[in-house]
Amino acid sequence: MAHTHTRPAAAPAAPPSARDTVAPPAPVRSVRPAAPAAPPAVRDMPAPPAPAQAVRSAAPALRPPALGAAPAVQAAPLAVQDTLPAAQDMPVRDMPVPPAPAQAVRSAAQSAPLAVQDTPVREMPVREMPVREMPVREMPVREMPVRDTPVPPAPVPPAPVPPAPVPPAPAQAAPAQPRPCYAPGDGQVWHLLRLAPGPDIAVPAAASLLAVTVDRAAALLERLAAGGLCERTAPGRYRPRPAPPAHPAAVRPGDSAALRRLAGHYLHTAHHADRTVAPHHPELPLTPPEAGCTPQTFASREAALAWLDEEHTTLAAIRESARDRGERWTVFHLAACLNGHYVRRGHTAAQRQQWADALRAAHALGDPEAQITAHRYAGQAASRAGRHGEAVAHLERAVRIAERHGRPGPQAWAYYILAWTEEMAGQDAPALTHAICAAGLFARAQQWTAQADALNAAGWYFTRLGDPDRAERYCARALDLARRHRYPGGEAAALDSLGLLAQQSGRHEDAVRAYRAALAHCRALGNTYQEAGALDRLGDSYAATGRPADARTVWGSAAAVYRAQDRLREAASVERRLSALA
């Protein structure tokens with residue numbers, strides 16, 4: 001059994017200073033001390049913190065203190081008596097050592113005056129313990145009986161609170177557009193364009209309005225369109241955007257001249273278009289265009305017809321604007337230029353409206369020839385609209401004015417239209433009489449194309465009255481006169497009459513050839529009104545010769561044209577024959 005020896009306590013001394021304090025010794029397994037000797041005097045010397053090996057080298061005569069006792073160093077020489085038993089009998093307890101390699105311990109022990117037996121540092125092997133896998137036992141799952149436990153009713157959720165209305169997100173501002181660059185005078189151009197009557201305006205008309213060249217007008221309109229003051233409605237056509245309410249369009253002192261130039265442009269262009277389509281129409285005594293007005297001209301009948309169709313609405317607006325400004329001759333001459341186009345296209349309502357304005361203008365002017373013309377064409381429009389009493393009243397007044405002033409030409413036109421009106425009312429006998437009178441008066445006035453129309457009308461009435469021989473003579477004279485004077489409209493009317501004569505006499509192949517030739521002239525002239533009648537009668541000849549498919553085709557086309565022109569009675573007649581054919 002090992003004995004534990006303790007060192008007797010030393011005499012009391014002053015508390016050690018920081019320099020006199022020595023670190024606790026490091027644990028050593030066994031230390032064999034040297035032979036006993038006289039205790040040397042211990043001087044005050046600094047003792048920095050060091051491991052146990054350094055302490056042994058600094059104080060070789062000292063024995064290791066007992067475990068748990070703090071070493072005390074005397075400031076004066078102190079005789080140290082070794083009261084420890086033999087080293088081999090003294091057990092040395094292991095003290096915790098700061099981590100240090102084993103080699104440093106050996107080097108420190110060798111340098112000390114004490115005989116330190118080298119004790120090799122044994123490295124303890126690390127034994128790897130095998131991991132024993134424990135068997136996993138599967139425990140049976142015992143099913144627990146399910147008891148019927150009443151389920152408490154679920155709490156009634158509170159009524160949902162409607163969400164607060166989400167305010168609409170603020171509209172994102174449109175990206176800033178580059179500000180258009182206007183030139184001086186663009187504001188006046190825009191102002192004049194807003195004054196122009198009609199839904200839009202073409203570049204040539206704008207050139208007359210602005211008194212510039214066509215190229216310059218095109219450039220101005222393009223710049224306004226790029227800046228947002230105008231919009232393109234079609235290639236070469238523009239419409240000014242409306243002004244804000246604070247800037248309404250109003251006529252300025254210099255605007256009347258611009259509007260007169262625009263009206264003159266449309267009047268002269270319409271006159272040229274009418275005479276291009278129908279060269280036999282008389283030339284009107286128009287005043288020359290004002291400075292800056294550049295009317296259009298046409299190289300072909302197709303171009304003239306296209307312009308009349310395109311500007312149909314604008315021309316009506318120009319006439320109304322001239323009427324409001326008191327330009328009576330402009331109103332009358334525009335009606336005279338457009339009457340043939342309205343007759344060919346079947347625009348009966350527009351024809352009636354324009355001649356109502358023209359009739360008031362003619363009476364305000366006090367010109368008898370203008371009054372005769374206005375009354376006869378007002379009667380023609382009323383007759384086409386089915387107002388036969390109104391038509392006869394207009395035509396009889398035209399005849400009285402013509403007889404009073406002794407002018408055969410206007411009187412002949414009044415008789416001719418009166419005959420046509422009586423035909424529409426089913427009065428063929430008086431219509432024949434007035435047609436023959438009109439033919440004689442036209443001959444006196446040397447109006448040959450008009451005489452061809454009157455002769456053909458007389459032959460038509462002879463056909464309807466059952467006198468084919470005289471009817472053929474009158475129609476043949478009309479065809480010859482029209483061909484000699486290069487009057488395609490007269491040729492179409494005479495061929496249509498000859499086709500009816502052939503159809504009534506049973507010569508349906510001759511009738512088909514005559515109707516086809518008449519249709520060719522009607523289509524070239526754009527005379528859809530007369531074209532519908534020729535198609536109607538051509539279908540009768542096809543049906544009579546056993547060609548029901550051809551008859552159905554032409555009757556369908558005729559019914560469509562009749563409907564488009566509000567000729568409902570004729571349309572119903574054709575549709576009945578179509579139903580019977582099926």
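R484 is exposed, with a relative accessible area of 55% (exposed means over 50%, buried under 20%, partly exposed in between, with a 1.4 Å probe and protein chains only). D480 and R484 lie four residues apart in helix α16 (residues 468-484), so about one helical turn separates them. Helices are DSSP runs of H or I with at least four residues, numbered from the N terminus.

## Basis of the values

This is a predicted model, in which local features need pLDDT of at least 70 and side-chain atom pairs pLDDT 80 or more, while totals for chains, interfaces and linings use all residues. Residues are numbered from 1 along each chain as its sequence is written, and side-chain values use heavy atoms, without hydrogens and water.

## Other salt bridges

The structure holds 25 salt bridges. One of them pairs D428 with R464 at 3.1 Å between the closest N and O atoms. This pair links distant parts of the chain, 36 residues apart: D428 is in helix α14 (residues 428-445) and R464 in helix α15 (residues 448-464). D428 is buried at 13% relative accessibility, whereas R464 is partly exposed at 40%.

D324 and R323 form another salt bridge, with closest N and O atoms 3.3 Å apart. D324 is exposed at 58% and R323 partly exposed at 36%.

## Helix α6

Of the 23 residues of α6, 18 are buried.

How values were computed
Helices (H or I, at least four residues) and strands (E, at least two) are DSSP runs, numbered from the N terminus. A salt bridge is a side-chain nitrogen of Lys or Arg within 4 Å of a carboxyl oxygen of Asp or Glu.
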